[in-house]
Amino acid sequence: MRLDTRDLTKKAAQDLEKAKHAIALTGAGISTESGIPDFRGPSGIWTKDPEAEKRAYQRYERFLEDPKGYWEERLSAPALLGDLDKAKPNPGHCALAELENMGILKCLITQNIDGLHEKAGSRNLIEYHGSYLKLRCTKCGSRSPIKEMDLEKLKEEEKLPPLCKCGGVIKSDVVHFGEPIPVDGARNSQEQAWKCDLMLICGTSAAVYPFAQLPRLAKKHLIEKEIKTESGLYVVKQVPFTTIIEVNAEPTPLTEAGISDYLIQGKTGEILPQIVDELVKSPISPPLAGGD
Ligand code: NAD
């Protein structure tokens, strides 16, 4: 039976209700409805300007070679994603915060650096690629709010790059291409991907590694289950532990490789609130079979 978007939304609500440890993964797609462009969607920054992608790949090298020059450029150039301070969470961010409030979602791992999940009220949040609102010491790894440091003043006084109390050079907490993922976020995310029995993946092309490894790691988690055969005998089979659901505007490599169990195709700002509505409308109706 082929299920339509409405049926799949109901099915996702049922799967979420049954899950004991549901987590969500998000990418740039969840923030496009807040006016922040993604990279690889049809109106994405890379899609429109492939040269911008090449420049982004050089940013971390620039920091390593010349931290002062990196900071001077950062403070004078317009931000790639526009003025993030003006962006507001949209219904997709709010729905995920609501799922956490309902006790359903145990953790949210985002690739986004825009701080919108925090603004929406998500608390158990891993910012895998850091946050534009924070600074991070490259030596001791400590983070601090960017607003606590007057970077413009440091620039005027020729005191860039900013230094940590430990003597380490401070960079933006945002993880640039080619930069290692900070150990705390990488380790906690891997633990969550292995532990979860449901992974809700929202608005990501799943093309940026190692983040894109997390659904693949969850897919490898198999458990043994007794299954009744046609003859009435029971056999022990290895079955996937984690249900993987995608909510995305278009199919992704996860859809095509069969990593996700099903894709709900559409806008996260519309589908995620519908899932919350279904859960609020309890009791949930009997499970819907299929997904193809
Ligand atoms: P991506 O640009 O590679 O992919 C975004 C995906 O979301 C696409 O498949 C697109 O079709 C889909 N999409 C766009 N709008 C959608 C919507 N309203 N509803 C559902 N799906 C939608 O993004 P990515 O996979 O997150 O990888 C890009 C990298 O760039 C990430 O590592 C991220 O850190 C960074 N980035 C962050 C932001 C941000 O913080 N808002 C913005 C751009 C890029």
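## Rings first, then the ligand

Start by selecting F39, W46, Y57 and F177: ring pairs join these residues into a cluster. Keep in mind that you are looking at a predicted model. The structure has eight aromatic pairs in total.

Now zoom in on Y57 and F177. Their ring centres sit 4.4 Å apart with the planes at 25 degrees, and because planes under 30 degrees apart count as stacked, so does this pair. Colour by secondary structure next: Y57 belongs to helix 3 (residues 50-65), while F177 is in the loop between strand 6 (170-172) and helix 8 (183-195), so the pair ties together parts that are 120 residues apart in sequence. Show the surface and you'll find Y57 partly exposed, at a relative accessible area of 40%.

Then hop over to Y70 and W71. Here the ring centres are 5.5 Å apart and the planes stand at 85 degrees, so this pair is edge-to-face. Both Y70 and W71 are buried.

Last stop: the ligand. Which residues are closest to the ligand? Pick out F39, Q111, D114, T204 and S205, from a surrounding set of 28 residues. That shell is made up of nine nonpolar, 13 polar and six charged residues.

- Q111: a backbone N or O atom is 2.4 Å from a ligand oxygen atom.
- T204: a side-chain N or O atom is 2.6 Å from an oxygen atom of the ligand.
- G29: a backbone N or O atom is 3.4 Å from a ligand nitrogen atom.

Finish with the ligand's surface: taken alone, the ligand exposes 860 Å², and the protein buries 95% of that.

Technical notes. Residues are numbered from 1 along each chain as its sequence is written. This is a predicted model: local features need pLDDT of at least 70, side-chain atom pairs count only at pLDDT 80 or more; totals for chains, interfaces and linings use all residues. Side-chain values use heavy atoms; hydrogens and water are left out. A residue is near a molecule or strand if one of its heavy atoms lies within 4 Å of it. A polar contact is a pair of N or O atoms within 3.5 Å; within protein, one must be able to donate a hydrogen and the other to accept it, and residues adjacent in sequence count only if both atoms are side-chain atoms. Accessible areas come from the Shrake-Rupley method with a 1.4 Å probe; for residues, only the protein chains shown count as cover. Ala, Val, Leu, Ile, Met, Phe, Trp, Tyr, Cys and Pro count as nonpolar, Asp, Glu, Lys and Arg as charged, and the others, Gly among them, as polar. Rings of Phe, Tyr and Trp (its six-membered ring) pair if their centres lie within 6.5 Å; planes under 30 degrees apart count as stacked, over 60 as edge-to-face and the rest as tilted. Helices (H or I, at least four residues) and strands (E, at least two) are DSSP runs, numbered from the N terminus. Buried means under 20% relative accessible area, exposed over 50%, partly exposed in between (1.4 Å probe, protein chains only).
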